[in-house]
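Please look over the sequence and the model first, then read the points below.

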Amino acid sequence: MSVGIIAADSKITMHFALKIDDEQIVDSTFERSPVNFVLGDGNLLPGFEEYLLGLATGDHKTFSVPPEKAFGQPNPQNMQEMKRNSFPVDMPVAPGLMVSFADAQGAELPGVISKVEGDWVTVDFNHPLAGKTLQFEVQILEVHDAD
């Protein structure tokens with residue numbers, strides 16, 4: 001087996017796990033099939049790809065990824081106050097409930113209700129991992145050069 005070194009446009013087969021604080025697993029392929037992708041194809045955030053450069057077939061490492069290289073910091077402008085009557089009458093509006101709206105282009109925009117005060121509901125549209133430092137564990141199974 002040849003040992004490939006990850007560079008731009010490398011074809012990679014790997015297992016990965018994404019964790020918050022070493023405990024809470026956000027996503028992992030270690031219990032299922034590995035992922036296949038080309039470095040730079042948009043499957044991984046660029047901040048995560050940076051950690052893969054220079055790794056080789058067989059490497060198994062864990063990196064601490066700060067929010068700036070992952071999902072960014074929470075943006076206060078992504079906190080929206082909405083009237084209670086803009087939600088379905090039968091919806092149990094409460095903090096922690098995930099809700100979904102359509103944006104101007106009709107794409108799904110998920111948010112989490114952060115507080116309910118009287119007739120007003122505050123919905124947080126920040127990415128749920130915004131502001132979090134993540135543990136990014138990778139096991140490189142195969143690396144092939146770009147065609």
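Strand 6 (residues 98–102) and strand 7 (residues 108–117) run antiparallel and are joined by five bridges. The model is predicted.

**Hairpin of strand 6 and strand 7**
- Ala 102 has Glu 108, in strand 7, as its bridge partner.
- Five residues lie between the two strands of this hairpin, and Gly 106 takes a positive phi near 85 degrees there.

**Nonpolar cores**
- In soluble globular proteins, nonpolar side chains tend to be buried together.
- The largest nonpolar core here has 22 residues. Those with the most contacts inside this core are Ile 6, Met 14, Phe 48, Leu 52, Phe 136, Val 138 and Ile 140.
- At least two residues of this core come from each of strand 1 (11–20), helix 1 (46–52), strand 4 (60–65) and strand 9 (134–144).
- Apart from neighbours within four places in sequence, Ile 6 is in contact with Ile 12, Leu 39, Leu 52, Leu 53, Gly 54, Leu 55, Ile 140 and Val 143.
- A second, separate core has eight residues, including Met 82, Ile 113, Val 121 and Phe 125.

**Thr 29**
- Thr 29 sits in the loop between strand 2 (24–28) and strand 3 (35–38).
- The relative accessible area of Thr 29 is 1%, so this residue counts as buried, the cut-off being under 20%.
- Apart from neighbours within four places in sequence, Thr 29 is in contact with Met 14, His 15, Phe 16, Pro 34 and Val 35.
- One of these contacts, Met 14, is also among the residues with the most contacts inside the largest nonpolar core.

Terms used. Residues numbered from 1 in each chain as written. Predicted model: local features only at pLDDT ≥ 70, side-chain atom pairs only at ≥ 80, totals over all residues. Heavy atoms only, no water. Pairing = 2+ DSSP bridges. Helix = DSSP H or I, 4+ residues; strand = E, 2+ residues; numbered from the N terminus. Core = buried A, V, L, I, M, F, W, Y, C linked by side-chain atoms within 4.5 Å. Buried < 20%, exposed > 50% of the residue type's maximum accessible area, 1.4 Å probe, protein only. Contact = heavy atoms within 4.5 Å.
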